[in-house]
Every structure is written in structure tokens, then in C-alpha cells.
Amino acid sequence: MSANLIQLLWDSTLQTLYMVAIATLLGTLIGGPLGIFLATSRRGELYSSPIANTVVGLVVNAARSIPFIILAVAIIPFTRWIVGTAIGTSAAIVPLTIAVAPFIARLIESSIREVDSGLIEAARSMGATPAQIVRKVLLPEAMPSIVLGLTLAIVSLIGFTAMVGTIGGKGLGDLGIRYGYQRFMPDVMLAVVIITIVMVQIVQTLGEWIAARFDKRAPRNRGR
Amino acid sequence: MAEAAISFQGVTRRYPQKKGSGDVIALQDIWLDVPQGAVTGIIGRSGAGKSTLLRMVNGLERPSSGKVIVNGHNVGEADPAALRAIRREVGMIFQHFNLLAMRSVYDNIALPLEIAGVDSARIKPRVNELIELVGLTQQAARYPAELSGGQKQRVGIARALATNPRVLLSDEATSALDPDTTRQVLALLKDINRELGLTILLITHEMAVVRDIGTHVAVIENGQIVESGETYDVFSRPQHATTRSFLTGVTGVAVPHFIADRMTAEPRSADDETVVQITFVGPHATDPMLARLTAELGVSVNIMAGAIEEIGDKPFGSLIVGLPASRTAEARAFLEQHGLFTEVLGHVS
Ligand SMILES: Nc1ncnc2c1ncn2[C@@H]1O[C@H](COP(=O)(O)OP(=O)(O)OP(=O)(O)O)[C@@H](O)[C@H]1O
Ligand SMILES: [Mg+2]
């Protein structure tokens, strides 16, 4: 494989990492609060507001039901308005974020819902405000599960980035299509596949390791 | 008596049901004063309304009507900020401990202080003091998953005491523990009650818990209080059938099996023996009475079983005796006249 191609692979890897990292960050900033809201706003819950809960839930479901490739194309005007262009790695971050944020919202919602309601009761009995309950009880107790959820979201994002070539997003997936497939260079295709597999493995392993670090339950079952 | 720490004034709690099938009435017109500095037990069967009643005290539930007054505050009408202030004066412990799994023992106990906005320099000495109080110095850095049930409940108790509450609520705090651990935890609660002068309101479905630490008791059934008073009085003179059934096997003595097996409700002949339970106050009250029964009335007494124990810090004795059926009425009248309580359990031939 030529030095040129190796440079290309390296650049594409960095582009993918860049897109995944920024989309994860923005997706969490948007999806996190949404997830917390969804988990705490049903009738009788901390921030009881059933109507808003239903509306947000519908929007999140709608966003999640659009296939990524269609979403990426459909929001091109919006992307152009935000980034100034609809083409390139930075522009690709907009649809990636919009695709991953509702996913993260649902993951965080379900992580928080798993927290034993007895803990909320205990915190209430101490005179905690709803915000204190979220900050000191729900989020820390759900943290191992949230980390695993984010790991899942990042792995999905790596998959989404393979499709952003369609809208000029570059990255590994784009490289694989243009060189490996269209120019029929199986070695490039193979390299892309291997890098992606390694990337997913590292993310998964790291995610599980961090989650285990947070998790203080049943230490005997964690083999440490 | 001093002003009540907690006062339930005509408290009713209804839970509306979905399909217009009539409301569930969890509590109905509860009037109860919980004396300052006492350990009051609320006992009742599952679904009787115990938890609902307890949760009214710190406003986790609100009455549908009536008032709950705690340390002089009307809990049901407190706004959220006032309610949070009241809750800092009322600690609570739970059947399943409800400790934060991701926090160490130390940090669990620090939580209520963090919530109350105590600054970190003052949290540390207070938490260490509490850890010592409940005897967990060795375990301070451990996580709940690394503790036994009894140790977890000690953390729960330390946590509940962190903000120096005046009232401690306990919802079946020993129900998940074995008998030995239960005794230790109850002893700890009793010490705390004595040393800190804390008012304790605890709910349980075991009369043994009330016997061990309760100075007062209220029996609740179907959302209503059927009997209440000082533990000693209720135990020695239970008025309600529910109270009696809770007391079975908890106080006094059981009729020995070989007698119980032959016992009938009605006498079959005049020669039958009546089995009578005599309950007495004070350690020496019976011997002379039984002797006098024989000497003065000529009634022979057949002692079948007996025990003396301590309830509400007072000696409490029970005897099961056999009396000739023909003389039973006379003998009971004599004993009752001299301040003993008697109850006919059955007859044997
Ligand atoms: N949120 C609720 N909605 C409807 N009914 C309720 C609710 N909470 C309690 N109840 C009903 O109120 C009654 C009293 O319940 P409560 O939990 O106070 O009983 P308990 O004496 O604590 O029972 P246990 O010993 O099983 O804990 C029960 O009939 C219960 O079904
Ligand atoms: Mg209960």
C-alpha cells in the first residue's frame, strides 16, 4: 500500500474520530437534559408535567424513527444555516448530533428509571430539592449504566459516520466506498474494516472499564 | 404530659381508584398523640395503613382531611420549602435501608448534611461522630454492597440522625434482619432514644419489637386505630381481639401442648378444670394471692406454666393455672379484686 494511501487512511481515521467525538459531546449536551426530563416528568414524579413529557417523548421518538441517511439529506438547509455549508466533516456533525441526541436521551432516561425509587424517597425524606435529587442521587446512582449507554451511542455513531460520505462528510466509511468499492481496491476496504473494528473494540472495552470503575455494587462479582 | 411530638388530628387518607369503584380508604379519622421522647410502636397487619400513617409525618403523604402536627408544624399545609425544613427535623429509616450503592458508608452519612447545605469542614467531624455512634469505624470506607444487613441499617440510622432530628421514623427497619441482628439494631435505637432524647415512631408487624423497645403502642386495623396506650397497659390488658392475636406467643406463656390438645371451650362436667391465664404487675404480686386463694377460699390451684419478663421497663408476669370449674367464678372475682387480670382460656377434664 502506497504512502499516499496510508496518509489517506490516517486522515480518514482522524476525521471519523473528530465527528464521533464532537457529535457525542453535543449529543450528550442535548440528549442528557432531555433524558433527565423524560425520566422525571411523568405524573407524580419529581418534575411532574405529563403533557410536556408526552410532547418531548413524541419528538424524540419521531427523530429516532427517521433513518440516518434520510435525516442527513433532509436537514441540509438546516445544516447550511448552522455551519454555513452543508458539505464537509464539520457539516456532517449536525445530522450526526441530531441522530444521536434522542438515542442518548432514551438511554439516559432508562438508566435513571432503573434507580431504586426507595432512594428517591430517602432523599425526599432528608429534605432534598428535586435538583439535589437529580444531582446527588439519580445521576451518580445511574452512572455505570449511563456510561454503558454512551458506549452504545458512540458505537452507533461510528456506524452513522460511514454514511456521511453521501453528504461530503469524509471519514473512514467514505474512504471505503470511494477507494475500496468504486476503485476496487480491496486492501483499502480491508484496512477500513479493520480500523473500524479496532475502534469499536477500544470504545467498548474502555466504556466497560469506566463503567466498572463507577460501579460499587456487588464487588465480588466483578472479579477484582 | 409534655406536648406531643407528633399529633394526628382526625387524619383520613383516601386513594382515588381509577374506574369509579369507590376510593381506597387507607386511613380513617386517626387521632393519636405521640409523646415527646417516647418510643411509640404502631402495629398492624399488611395493608392496615401503617406506612401511610408514618409517611404523613414527614409529608411523603398528605392527609385527605385532618391535620398532622409535627414539632408544632402543620405538615399537610407546609409549602415545599417549609416541608424541606420540617424533614430535616425528622429522620427516617427503611426496611430495605435505601442506601446509595455508589456512595461509601462515610458519604452516605454525609448526604443529608450535603443536602442541608452544611459546609464540608463541618461535615467531616459530624460524620465521624455518627460513624462512631453506630459502631462502624472500621467500615467507613466500604460500600453498602460490602456490608451485612445489620451494618447497612446502622448506616441508615447514622444517616437519619445526621441533621440532629428530633423525631426518628422507622418503617419496618428490622423486618429484613435476622433475630440476633434485630435485637442489636433495636438496642441501638433504644440507646439513641435514651441518650439523645429522640422521639421514635416505628411501625412493625411484630409485637416482639414493641415489647423490646416500645414505651407506647397503637394497634391499627383497616385504617383505624383500635387500641393505643402505654405498652405495659396494652400488653397486660389487651382490649381488642387484634391486639390479643398479636400478643399471642409474644408475652407470657403458651398453654403446654399436652393441655392445649385436650382443651375445650365449654366444661364437659362439673369436675373439669378451668384453664385460666393470670397476668400480674410486679414481681411478688402472685405468690401470696395464690396462697390466699387456697387458704381463704379453699380453692386448690394447679400451676401449669409461668414466666416473668420486662415490658416497658416494668416486670410483667403471666401464669397459667388450672382451677376447679365449679369454683372458677369465685376465684377469678377474688383475684381481680386484688388487682390481677384473669382470662379463661378453656377447660380440661
Ligand atoms: N398509592 C396508593 N394508591 C392506592 N392505594 C394505596 C396507595 N398506597 C397505599 N394504598 C393502600 O392503602 C392501604 C394501606 O397501605 P399501607 O402501605 O399504609 O399499608 P401497611 O400497613 O404499611 O402495609 P405493609 O405492612 O404491607 O407495608 C392498602 O390497602 C394499600 O393498598
Ligand atoms: Mg408498609
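## Fold of chain A

Read along its sequence, chain A of this predicted model follows the pattern α-α-α-α-α-α-α-α-α, which comes to 9 helices and 0 strands, where helices (H or I, at least four residues) and strands (E, at least two) are DSSP runs numbered from the N terminus. Along the principal axes, the C-alpha atoms of chain A fill a box of roughly 65 × 50 × 25 Å.

## Burial and charge in chain A

Chain A has 224 residues, of which 42% count as buried, meaning under 20% relative accessible area with a 1.4 Å probe and protein chains only. Its side chains include 18 positive and 11 negative ones, with the centres of the two sets 4 Å apart; Lys and Arg count as positive and Asp and Glu as negative, while His and the chain ends are not counted, and each charge is placed at NZ of Lys, CZ of Arg, CG of Asp or CD of Glu.

## Surroundings of ligand 1

The residues around ligand 1 belong to chain B and include B:Tyr15, B:Arg45, B:Thr52 and B:Glu172, each with a heavy atom within 4 Å of the ligand. Helix 1 of chain B (residues 50-57) gives the most to this shell, with 3 residues.

Oxygen atoms of ligand 1 lie 2.7 Å from a side-chain N or O atom of B:Lys50 and 2.8 Å from a backbone N or O atom of B:Gly47.

## Basis of the values

Residues are numbered from 1 along each chain as its sequence is written, with chains lettered from A and ligands numbered from 1 in the order written. Local features need pLDDT of at least 70, side-chain atom pairs count only at pLDDT 80 or more, and totals for chains, interfaces and linings use all residues, while side-chain values use heavy atoms, leaving out hydrogens and water.

Technical notes:
Buried means under 20% relative accessible area, exposed over 50%, partly exposed in between (1.4 Å probe, protein chains only). A polar contact is a pair of N or O atoms within 3.5 Å; within protein, one must be able to donate a hydrogen and the other to accept it, and residues adjacent in sequence count only if both atoms are side-chain atoms.
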